[in-house]
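Please explain this structure by going through its helices, strands, surface and side-chain contacts in turn.

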Amino acid sequence: MKKKIAIIVSCVLAVLVVLAGVLTYLAFNPKTTISIAHTPKTSDKYYEFITMSWQNILPVTKSWNENFDKYHKWNEDVMNDLSNNYVSPTDVKANVEIKDGKTIITYSGKATGKESGITTDYKKELILDYAFSRNIEINRVP
């Protein structure tokens, strides 16, 4: 009888350990979708922009949330900069990559200053010491 109880307790503990491992993995690796969309292609003021979303059955970790907030604020600042301080012709592309445990987000291209009228190289880059997810999916909107 004691042997049966020990086997049942061992099985329950094994299931709990596996479940805890799966839940921890999901909390640190939500499925993250990054979409790169753009202004109308008919315009001479063309730039791409990044949106990010995630799906998870659990709350994400504090570090994930802090990095997402940092990305969101930075991305909003870049979009405000492009829409308010530059005019046609402007052509800026967006890129996102996960490399060496970091998320690298880049906007680069040519932009014409609203006040100066001069077209110059435009580059903004954010490097987060955090890979948003190994389950990342990047979609380019046609």
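The paragraphs below start with the conventions, then go from the helices to the strands.

This is a predicted model, in which local features need pLDDT of at least 70 and side-chain atom pairs count only at pLDDT 80 or more, while totals for chains, interfaces and linings use all residues. Residues are numbered from 1 along each chain as its sequence is written, and side-chain values use heavy atoms, with hydrogens and water left out.

Helix 1 covers residues 2–28 and includes valine 12. Helices here are DSSP runs of H or I with at least four residues, strands are runs of E with at least two, and both are numbered from the N terminus. Valine 12 has a relative accessible area of 46% and is therefore partly exposed; buried means under 20%, exposed over 50%, and partly exposed in between, with a 1.4 Å probe and protein chains only. Valine 12 also belongs to a nonpolar surface patch of about 880 Å², together with Met1, Ile5, Ile8, Val9, Leu13, Leu16, Leu19 and Leu23. Patches are made of residues with over 30% relative accessible area and no salt bridge; like charges are joined within 9 Å, and nonpolar side chains (Val, Leu, Ile, Met, Phe, Trp, Tyr) within 5 Å. The accessible areas come from the Shrake-Rupley method with a 1.4 Å probe, and for residues only the protein chains shown count as cover.

The charged pair consists of aspartate 77 and lysine 73, which form a salt bridge with their closest N and O atoms 3.0 Å apart. A salt bridge is counted when a side-chain nitrogen of Lys or Arg lies within 4 Å of a carboxyl oxygen of Asp or Glu. Side chains of opposite charge can pair when their charged atoms come close. Aspartate 77 and lysine 73 are 4 residues apart in helix 2 (residues 62–85), so about one helical turn separates them. Aspartate 77, at 37% relative accessibility, is partly exposed.

How many aromatic pairs does a search of the whole structure find? It finds 4. In tryptophan 64 and phenylalanine 68 the ring centres are 5.5 Å apart and the planes lie at 5°, so this pair is stacked. Rings of Phe, Tyr and Trp (its six-membered ring) pair if their centres lie within 6.5 Å; planes under 30 degrees apart count as stacked, over 60 as edge-to-face and the rest as tilted. Tryptophan 64 and phenylalanine 68 are also 4 residues apart in helix 2, about one helical turn. Tryptophan 64 is buried at 0% relative accessible area, and phenylalanine 68 is buried at 11%. Ring pairs join Trp64, Phe68 and Tyr71 into a cluster.

A further ring pair lies between strands. Tyrosine 86 and tyrosine 122 have ring centres 5.3 Å apart and planes at 85°, so the pair is edge-to-face. Because tyrosine 86 lies in strand 3 and tyrosine 122 in strand 5, the pair ties together parts that are 36 residues apart in sequence. Tyrosine 86 is buried at 18% relative accessibility, as is tyrosine 122 at 4%.

Strand 3 also contains proline 89. The peptide bond leading from serine 88 to proline 89 is cis, with omega near -5°. The side chains of aspartate 91 and lysine 93 meet in a salt bridge, at 2.9 Å from N to O. Aspartate 91 is partly exposed at 37% relative accessible area, and lysine 93 is partly exposed at 38%.

Lysine 99 is in strand 3, which spans residues 86–99. With a relative accessible area of 46%, lysine 99 is partly exposed. Its C-alpha atom is separated by 9.6 Å from that of tyrosine 130, 31 residues apart along the chain. Aspartate 100 is found in the loop between strand 3 and strand 4 (102–113). Its phi is near 50°, a positive value in a residue other than glycine. Aspartate 100 is exposed, at 72% relative accessibility.

The structure holds 6 salt bridges, and one of them pairs lysine 102 with aspartate 129, the closest N and O atoms being 3.2 Å apart. This pair links distant parts of the chain, 27 residues apart: lysine 102 is in strand 4, and aspartate 129 is in the loop between strand 5 (119–128) and strand 6 (136–140). Lysine 102 is partly exposed at 33% relative accessibility, whereas aspartate 129 is exposed at 61%.
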